[in-house]
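Trainee: Could we walk through this model together, one question at a time?
Mentor: Gladly, let's open it up.

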Amino acid sequence: MTAVAATVSAHKDELTELDAAIGDADHGANLQRGFTAVTAALSGGFEPETVGQLLTKVGMTLISSVGGASGPLFGSAFRAMGKQLATPEADADQLALALRAGLDSVRALGAAAAGDKTMVDALTPAVKAFDDAVAAGLGLVVAARAAADAADEGARATVPMQARKGRASYLGERSIGHQDPGATSTALIFAALAETTARAR
Ligand code: ADP
Ligand code: MG
């Protein structure tokens, strides 16, 4: 979460510029506010006993601190992941199940399908790549790197799409030619996971 907060902060302007093109120019600010609140919530004497308690706290904090569409969506993903991980530590198999639950939760809440030019277009290939790597016995570090690469590719693939969900959908065909902000921040979150797991090894 520390790494996510740092990368969101470092890419705040880029996320805002992407949202300026097809939204309302607040995605960078929204996520920075959210993850600053997450950092504060996790530092003030909060001592979770399970991975799930930590992720649930992250989700609740995002929901309560981010006004935009992305706050409830990312928040529900972290909460859904939290529900899966009622143990002090999580291995790659558990994390794969949790990520799947996170994706399901975003899809249930936002009703976006693949190709609608949303965070789902980064999250879906990332979860699949993570699953595939874990199923092949490649372990957490490789799985997280595969997920990050797939998320990045998924985010880039949103450029030629026409938005069918969220604010960008109001632009119709004019949303074509721009990378989706939420897919981009999703890729940043997976990149932070990959870097952190590689370093912790
Ligand atoms: P807002 O659109 O309220 O200003 P943000 O700018 O923080 O919120 O987030 C916009 C991002 O949220 C979009 O780029 C998209 O990825 C994501 N998003 C919006 N609506 C949906 C939805 N229904 N399902 C999935 N993701 C969505
Ligand atoms: Mg916005």
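**The core and its surroundings**

Mentor: The largest nonpolar core has 47 residues, and Phe-35, Leu-62, Leu-99, Val-106, Phe-130 and Phe-190 have the most contacts inside it. Such a core is a set of buried Ala, Val, Leu, Ile, Met, Phe, Trp, Tyr and Cys residues joined through side-chain atoms within 4.5 Å. This is a predicted model: local features need pLDDT of at least 70, side-chain atom pairs count only at pLDDT 80 or more, and totals for chains, interfaces and linings use all residues. Residues are numbered from 1 along each chain as written, chains are lettered from A and ligands numbered from 1 in written order, and side-chain values use heavy atoms, without hydrogens and water.

Trainee: Which helix gives the most to this core?
Mentor: Helices here are DSSP runs (H or I, at least four residues; strands are E, at least two), numbered from the N terminus. Those supplying at least two core residues each include H1 (2–10), H3 (27–43) and H9 (181–200). With 8 residues, the top contributor is H7.

Trainee: What kind of aromatic pair do Phe-35 and Phe-78 form?
Mentor: Rings of Phe, Tyr and Trp (its six-membered ring) pair if their centres lie within 6.5 Å; planes under 30 degrees apart are stacked, over 60 edge-to-face, the rest tilted. Phe-35 is in helix H3 and Phe-78 in helix H5, so the pair ties together parts 43 residues apart in sequence. With 6.4 Å centre to centre and 75 degrees between the planes, the pair is edge-to-face.

Trainee: Which residues coordinate the magnesium ion (ligand 2)?
Mentor: Donors are N, O and S atoms within 2.8 Å of the metal (3.2 Å for Na, K and Ca); water is not among the atoms, so sites may look incomplete. The donor residues are spaced D-x4-D-x1-D in sequence. Through OD atoms at 2.0 to 2.2 Å, they are Asp-19, Asp-24 and Asp-26.

Trainee: What is the relative accessible area of Lys-117?
Mentor: Lys-117 lies in the loop between H6 and H7, and its phi is near 65 degrees, a positive value in a residue other than glycine. Ala-111 is in the loop between H6 and H7 and is partly exposed at 49%. Lys-117 is buried, and its value is 1%.

Technical notes
Buried means under 20% relative accessible area, exposed over 50%, partly exposed in between (1.4 Å probe, protein chains only).
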